[in-house]
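Please consult the sequence and the structure shown below.

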Amino acid sequence: MYAAEVFGVLAVRGSDSSTAVAAATRKCFKIAAFATPTSSNGVSLRWAKGLAPCGCTVDSKSVGDDVFSVTPSNKSDVDYLGESTKGDLNVKLEHLEAFGIDGHASLEGPIEKVARSEAREAEDLLKDLGIPSPSSSRNSPRGIFCSRTLNLRSISAIGYDMDYTLIQYNVTAWEGRAYDYCMENLKNMGFPVDGLAFDPDLVIRGLVIDKEKGNLVKADRFGYIKRAMHGTKMLSTRAVSEMYGRELVDLRKESRWEFLNTLFSVSEAVAYMQMVDRLDDGTIPADLALDYKGLYKAVGKALFWAHVEGRLKSEIMSKPELFVEPDPELPLALLDQKEAGKKLLLITNSDFLYTDKMMRHSFNRFLPNDMGWRDLFDIVIVSARKPEFFQMSHPMYEVVTGEGLMRPCFKAQTGGLYSGGSAQMVENSLDIHGDEILYVGDHIYTDVSQSKVHLRWRTALICRELEEEYSALIGSRSYRESLVELINQKEVVGDLFNQLRLALQRRSKDRPAQTLAATNMNDEDLTDSMQKLLIVMQRLDEKIAPMLEADGELFSSRWGFLSRAGLWDKSHLMRQIEKYADIYTSRVSNFLYYTPFMYFRSQEQNLAHDSYTYYCSQQLYNENSS
């Protein structure tokens, strides 16, 4: 934020906080040091020009080109984490004297101490100005989580999907109506649907449909199936083991496995699992002659026609307030990105009339100065036909009227509205390529995987359920700690028992045990100790098993946590997210709290042996201390 902007905010909002003004006065030069031009032409002028209580005159020129420089593409390098330095801000030290500050004297000393001191002062300044600390956003359900380091400053263009990305739907309302139309079509096809109702709690994103067995399964990161449901009935752990013990989920085998990539999959999965029950109990007419795979095709066809015939979207367009959850912060997050010099793109599979209606409803009322949603985007592409949009070239048409009439074109222009085309056309039109583009979407495959695999775009996944999952993980922390403690006790007792069992085994083979004392131990004492330990382990198992089964029920009573499979392992969904999404978060408006200049750094990835090396280092430290 610029000094001009900071003091402009205080003036416009009529702040009477003497503390804030005093703090801002004391640290005027520090505010300037945070400033970042929003374009190559200078700074944003959203607020009134600067009021500088310290006596210095701050205007767009002094805060912009004369004080700072932005690293251009042709002079960029890569930093020690391998990220481009394009877009990084540089301070022109020769101009610091204009603020009456010796830039070197105030920063003398070991850099570790200087950094801590400056960070504390900056935190105090933000607090005085009423600006939330960046860490408060990072450690919250609305955080942005990083799988692969991403320097947002080096991103020249940001593309957005619309449905369940920019536009957040009420899942129960939207998918409920999709389910209703699907069931109506199934009934017309001869299927018995009476008595069935939409149950959104039946499924979660990231599950996999086994079209051969009529099952819905949850797999871990390796593809091993941990939980399963046949129809609407959960299978026991033993049944899952017997059915899938030697099988792995392989999403490349599309004829069998169907991954629930997005919330749009909820209505289809609910309808299919309910119809599996009807197939099993014999109520589906024999003349339809369906197996589980054929049933899945029938449900998919019914849902497809629910979308294609237009009644569903017409109903949503007529009453968007019943289906769309407004987010006033969302347009402001995009406005910050645009004013920071990012090219903004809207790339959606929805048609123009539906897109325009949804975007008007969700954006226009929250934008300043009579802006419309189209003013935010440099290029808008509807009916994009993703994932093919990222894979191959299709003809592009310019939408030239409000009714959606189109004419052929060969190159996109800034401010244009288009239908079809390809990602390569977008790159060529903007002269921006590969990892200079960040694409944000909710669909693991259509949005995130394909844009990365084919074009090497940077990627962000929107997963609205993360907020509920984050809160559930916090709420179950003590429960999981108790469960881990029980498992650790079982491991300790089990290790002791195994050593005694080995001693007994060697003795039965007339071989010496591990030690002379173990060899000479009385048989009765040995078996008695083993018996006690075995009873303890059995009692621990009786307590651990139901606790493991219930783990994650704060998020889903059937499936547990979205991101986990079992107590410690990651789910198959989480593996897909880590593989294809550089960052992931619950909603686009979360960018508002990170600024368009954020440097997202991935966290250390724990390995199986890390805990042991940490234990050994602690032991060594304790020995040296004593």
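Rings of Phe, Tyr and Trp form a pair if their centres lie within 6.5 Å. In this predicted model, Tyr164, Tyr169, Trp174 and Phe264 form one aromatic cluster.

**Aromatic pairs**
- The structure contains 17 aromatic pairs.
- One of them joins Trp174 and Phe264, whose ring centres are 5.0 Å apart; the planes meet at 65°, so this pair is edge-to-face.
- Trp174 belongs to helix α7 (residues 171-188) and Phe264 to the loop between β10 and α9, so the pair ties together parts 90 residues apart in sequence.
- Trp174 is buried at 2% relative accessibility, whereas Phe264 is partly exposed at 26%.
- The rings of Tyr594 and Phe600 also pair, with centres 5.5 Å apart and planes at 35°, so this pair is tilted.
- Tyr594 is buried at 4% relative accessibility, and Phe600 is buried at 3%.

**Cysteines**
- Zero disulfides are present in the structure.
- Cys146 is buried, with 15% relative accessible area, and Cys409 is buried at 12% relative accessibility.

**Second largest pocket**
- By class, the lining has 18 nonpolar, 15 polar and 16 charged residues.
- Helix α16 gives the most to this lining, with seven residues; elements supplying at least two residues each include β10 (257-259) and α9 (265-280).
- Domain 1 (144-167 + 324-463) and domain 2 (171-320) each contribute at least three residues to the lining.

How values were computed
Residues numbered from 1 in each chain as written. Predicted model: local features only at pLDDT ≥ 70, side-chain atom pairs only at ≥ 80, totals over all residues. Heavy atoms only, no water. Helix = DSSP H or I, 4+ residues; strand = E, 2+ residues; numbered from the N terminus. Nonpolar A, V, L, I, M, F, W, Y, C, P; charged D, E, K, R; others polar. Domains from an automatic or database assignment. Disulfide = S-S within 2.5 Å. Buried < 20%, exposed > 50% of the residue type's maximum accessible area, 1.4 Å probe, protein only. Phe/Tyr/Trp six-rings, centres within 6.5 Å; stacked < 30°, edge-to-face > 60°.
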